[in-house]
Amino acid sequence: MFSKERPYRFHLELTDKCNAGCPMCSRTDPANFCKANDKVQKLDLTLADFERHFTPEFCARTEHIELGGGLGDPLAARDCLEICDHLTRYGVNLVVSTNGGLRNTQWWEKLGHILQRTDSVVQLHVDGLKDTNPLYRVNTDFDKIMANAQAYLATGAPAEWYYILFRHNEHQVEEARDLSRRMGFRNFVLIDTIRFGKRDSFPYRLPNGEWHALEPATLTSADFEKKFQQEASSSKSQGASLPSPLDPIAVKAAAGVNGIRCKSQIHNRPYINCEGFVSPCCWMATSPEEVFVYEQAGLDMANYNIRNRLLSDILHDEPFASLYERDWETGNNPICNRKCRDMVRNTRAAV
């Protein structure tokens, strides 16, 4: 699945801690005032973890790292700034994906100077303006987010504004997009969420006790893309881009197995969660399907944790060496079938 011959591109979850209570997030109990559920253990990856595994030599083989994850906001990790400093000093390009509501403006200014070293970027997830963003990004303060963003952007470091479309915020897209341009964001990216499934509403209880319901947007990112097509960015993104045709290993991965084109294999992109476990991707991580892969092969999952074993050894051992590809051939992995064959994912467009 992963290749020593190509640069690595990691997806890392620094922590499962977060200041927000987004009702559709898997860490949130939407009926219990959007409080964190029992999935949250308040864990962090630390600077010591990165110093051990992301040595200067290993960083030289690492092209890109996205700091995000399934449960937490990277800025909630104790050593977030120090980890970014360590990685960029050794030439790694970073994406820091955050709701922007943590830390102060001085901290954000430091982050900007650190990320400038490798033209790294912040993805700021703000789903509306002052009156609508807190309806999904529960417990966040829009004014603080904007102040943090201004302090960061003033350093000259790049940022992108990500915006999930809902019925309650779709009328503000043009206003938010214009604000992003004035502030100096590099891109404004709309996201169509798949988290409604077949439902037409998603009820939840706000921290003040008030019940609210999210509803799907009536317009899609593609609709807005058409509307703004004359001004649209040339860096539109929808799903995984294909690798360079000059890379035969990546091209073989992109061809797929039994209709499955594994995004992680194509981009040489392992996932590491805040417990330290290495997985193919964030969709597989800690899932029953992942546990089954290990049980079926008689492997001890503890050996695939960076707290117990070197990352460089883990990446090219089973189950990554051949077991996942075997399951693609037989169609036995439901997550791989859903995400990388049927392509059931959020879609997005830079407008």
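The model is predicted: local features need pLDDT of at least 70, side-chain atom pairs count only at pLDDT 80 or more, and totals for chains, interfaces and linings use all residues. Residues are numbered from 1 along each chain as its sequence is written, and side-chain values use heavy atoms, with hydrogens and water left out. Helices (H or I, at least four residues) and strands (E, at least two) are DSSP runs, numbered from the N terminus.

**Helix α4**
- Helix α4 spans residues 105-115.
- Its buried residues (under 20% relative accessible area, 1.4 Å probe, protein chains only) are Trp-107, Trp-108, Leu-111, Gly-112, Ile-114 and Leu-115.
- They lie on the same side of α4, because they cover an arc of only 165° around the axis. The arc is that of the directions from the helix axis to the C-beta atoms.
- Their cover includes α3 (80-89), β5 (93-98), β6 (121-125) and α6 (142-153).
- Asn-104 caps the N-terminal end of α4. A side-chain oxygen lies 3.2 Å from the backbone nitrogen of Gln-106, a polar contact being a pair of N or O atoms within 3.5 Å, one able to donate a hydrogen and the other to accept it.

**Gly-100**
- Gly-100 sits in the loop between β5 and α4.
- Gly-100 has 1% relative accessibility, so it counts as buried.
- Not counting residues up to four places away in sequence, Gly-100 touches Asp-73, Trp-108, Leu-124, Ile-145 and Asn-148. Contact means heavy atoms within 4.5 Å.
- Gly-100 and Pro-158 are 58 residues apart in sequence and 14 Å apart in space, C-alpha to C-alpha.

Note on methods
Buried < 20%, exposed > 50% of the residue type's maximum accessible area, 1.4 Å probe, protein only.
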